[in-house]
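This report walks through one protein chain, from selected residues out to the whole fold. Please keep the sequence and the model in view while reading.

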Amino acid sequence: MEKSPFKEEDIIKALKKKPLKFNELAKLFSVDKKGKKALKKTLKKLKKQGLITVSKGEYRLAEEEVVVGTVIANPNGFGFLYLGEGKKDIYIPPFEMVKLLHGDTIKAKVVEYKGKKEIRVLKVLKRGKKEIVCSIKKKKNACYGVPLDENSFHQVLLPKEACKNLRDGHVVVVEITRYPSKHFSMGGRIKQVLGHPEEKNLVVDILIRRYSLPTEHRPETLEEAERLSIDWEKELRRRKDLRDNLCFTIDPPRARDFDDAVAIEKTPEGNYRLWAHIADVSYFVKEGSAIDREAFERGFTFYLPDRALHMLPERLSADLCSLKPEEDKLAFTCEMVFSPKGDLLWYDIYESVIRSKARLTYDEALRLIVGDPVLEKRYPHLVEPLRLMEDLYRILSYRRWERGSIDFDLPEAEVIVDEYGEPTAIVPYQRHIAHRIIEHFMISANETVAKHLEMVGYPCLYRIHEKPDMKKVENLLEILEGLGYKVKKPSLEPKFFQKIIEDFEGRDEENLVRFLTLRSMMKARYSPHNLGHFGLASDGYTHFTSPIRRYADLVVHRLLKKAIRGEKIDYDKTVEYLEMVGEHLSIQEELAEDVEREAIDRLKARLMKSRIGEEFEGIITGVASFGFFVEIKDYLVEGLVSITSLKDDQYIYDESAHRLVGYRTGKVYRLGDKVRVKLVSVDEERAKLDFVLVEDQKPS
């Protein structure tokens, strides 16, 4: 075979000088008729790779696409570059990932390889981690740490002496002293020994370290909190004194910080007067103070199965701010009057002093509503208010249903842990009418505050929830079609989704459909631009009711106080500040949700390890080319039935119908099918469960 008189790099070199037409390139390389054919083929290949472009007959070098993004690592050694909301992630090949860690911010150029885009690293702009949680792995002449996260394809070389008293599997926190490169592995030093998984449960400790969550408040924050006090004489003069108001709190049994208290009465006209008293955290936490700076950084209280990482120091969260019974407390009150049809007739928002008359749990509130002689004797003064609250809740609930508010109401599981952090049981978290009463009253207060700030011309940090993307909705309907649900024309109105959920109520697939519908939605976030709240079918919504555990509510309290006092503000500067705050808090909220969910999943996996070999009834919640996922209703845990374990037939993945179909038998496994499975293995580190089908099971 005759060798071409040019190479690909020769063409690139020529085009670097200037764009050239085909005949000019042919002349440059002195090619004959056969050579021209080869040249055309090579140019076509370079164009396909994205290295050159052709315009008006001229070939030129493609402009280099340079991007900045965040590395998302995969434990299998490859990764993706996240460029931001709405932009497509770009593949990072393993030979580039050897230099990178999950969370790194990098500058990279985009290239095409085999018809697909991937990146080549130009520069690491910022490292995502300074510390990493590892499991010790000893070799003959060395000691390594294997990261217990997405970076597990790396190994960290550790000083051999530091590993002397440790054995394989010990979990340690490693400070990175040398980041990975093409020629060298990562290096580090052991900063802290967390323990060995065989000796104690480390699930939550590992997560806290992995996500770099603060477990202690800074000394200056604690010192500042200890110095706080209340000038009662001054506050009683300037606030509305509502200490005689019959208010009380309703919270979970283990709650220690009480954000909100409620009170109600029927007016002579037959209307409902509702008070939502919210802890006045902004009285204590001043803008720019040490407490404020740390509260902003945290953004939220992180609730984990065996502990809570509080946004505020305990002196505030469990003492000064908490609306404990029979103690005078500073509050921010939203007083509302509703008609018997649920119309908001009047409202007022003001600073107050209150005294809660009781601390009820949700179950106690329910028992008082339905009638419990023992509790009624203990709280005789609360029976009538609670039953009035039930009446108002039903009115407000119906009004919200009328406008299209979507009640996803997904079942939740609570993992019970013992004093050593070991999971002992998974119990469904039961939500009932008492929960809904408080939820609906807080929604009313949040909507009223948002409406008030908008009406008086002040900016607000809104809680927004945008309309879903039509592609996601079409995908949802395609899945639901496999469950026998057909819709002629999809709609982007809340009532459309409300009806989907209602149509599946009482069916085995009800919770699956609620989950799939929720997944098709946009994520709620914080913003100073009022885009409404789609899920609640609300024109304006904010967070005002939980300032002890959410920084967003504290921001809204400060804005409200300025509005009430008539303070002049720089509107544009305030909006700019709220944009920054909203973005930060939306990120922190996602982090809190991820950590809480992962902690529960890992503890569930740990508990299920003792049930290997047991059989369960479940429902298929997802289908993929490699198998299908099954959720066990009693424990709310999910695991995989691998396609390789289905020995009776060769199964083909029907992607559009979300099902697996047997090649010979025609047997089908689809979303929503009930199956009986046996638990065969548990991977604690990745919180993954593997099931096999029990013989003679399903399906058609």
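His 658 counts as buried, because its relative accessibility is 14% and buried means under 20%. This is a predicted model. The residue sits in the loop between strand E30 (651-654) and strand E31 (659-662). His 658 is not a glycine, yet its phi is positive, about 50°. Most residues other than glycine have a negative phi.

Glu 326 also has a positive phi, near 55°, and is a residue other than glycine. Its loop runs between helix H9 (314-320) and strand E20 (328-338). Is Glu 326 buried or partly exposed? Glu 326 is partly exposed, because its relative accessible area is 43%, between the 20% limit for buried and the 50% limit for exposed.

**Whole chain**

The chain has 700 residues, and 49% of them are buried. Its secondary structure comprises 18 helices and 34 strands. Along the principal axes, the C-alpha atoms fill a box of roughly 100 × 70 × 65 Å. Take the contacts with a separation of 6 or more: residues 24 or more positions apart account for 66% of them.

**Nonpolar cores**

The largest nonpolar core holds 104 residues. Which of them touch the most other members? They are Phe 284, Leu 386 and Phe 441. Helix H13 (residues 433-455) gives this core its largest share, 10 residues. A second core is separate and has 46 residues, including Leu 480, Leu 512, Val 630 and Leu 689.

With neighbours within four places in sequence left aside, Leu 386 is in contact with Phe 248, Ile 250, Leu 360, Ala 365, Leu 368 and Ile 369.

**Helix H1**

Helix H1 spans residues 8-17, and its buried residues are Ile 11, Ile 12, Ala 14 and Leu 15. Seen down the axis of H1, these buried residues fall within an arc of 165°, so they line one face of the helix. The general rule is that an α-helix has 3.6 residues a turn, so residues three or four places apart point the same way. On the other side of H1, Glu 9, Lys 13, Lys 16 and Lys 17 are exposed.

What covers the buried residues of H1? The cover includes strand E1 (20-21), helix H2 (22-28), helix H3 (33-48), strand E2 (52-55) and strand E3 (58-61).

**Salt bridges**

Side chains of opposite charge can pair when their charged atoms come close. The whole structure has 74 salt bridges.

| Pair | N to O distance | Relative accessible areas |
|---|---|---|
| Lys 99 and Glu 96 | 2.7 Å | Lys 99 22%, Glu 96 6% |
| Glu 294 and Arg 298 | 3.0 Å | Glu 294 3%, Arg 298 5% |
| Arg 273 and Glu 265 | 3.3 Å | Arg 273 21%, Glu 265 36% |

Lys 99 is partly exposed, whereas Glu 96 counts as buried. Arg 273 is partly exposed, and Glu 265 is partly exposed too. Glu 294 is buried, and Arg 298 is buried as well. Glu 294 and Arg 298 both lie in helix H8 (residues 290-298), four residues apart, about one turn of the helix.

**A nonpolar surface patch**

Which residues form a nonpolar patch on the surface? Ile 72, Phe 80 and Tyr 82 do, and together they have about 230 Å² of accessible area. Ile 72 belongs to strand E4 (residues 65-73). The relative accessible area of Ile 72 is 32%, so this residue is partly exposed.

Technical notes
Residues are numbered from 1 along each chain as its sequence is written. This is a predicted model: local features need pLDDT of at least 70, side-chain atom pairs count only at pLDDT 80 or more; totals for chains, interfaces and linings use all residues. Side-chain values use heavy atoms; hydrogens and water are left out. Patches are made of residues with over 30% relative accessible area and no salt bridge: like charges are joined within 9 Å, nonpolar side chains (Val, Leu, Ile, Met, Phe, Trp, Tyr) within 5 Å. Accessible areas come from the Shrake-Rupley method with a 1.4 Å probe; for residues, only the protein chains shown count as cover. A salt bridge is a side-chain nitrogen of Lys or Arg within 4 Å of a carboxyl oxygen of Asp or Glu. Helices (H or I, at least four residues) and strands (E, at least two) are DSSP runs, numbered from the N terminus. Buried means under 20% relative accessible area, exposed over 50%, partly exposed in between (1.4 Å probe, protein chains only). A nonpolar core is a set of buried Ala, Val, Leu, Ile, Met, Phe, Trp, Tyr and Cys residues joined through side-chain atoms within 4.5 Å. Contact means heavy atoms within 4.5 Å. The arc is that of the directions from the helix axis to the C-beta atoms.
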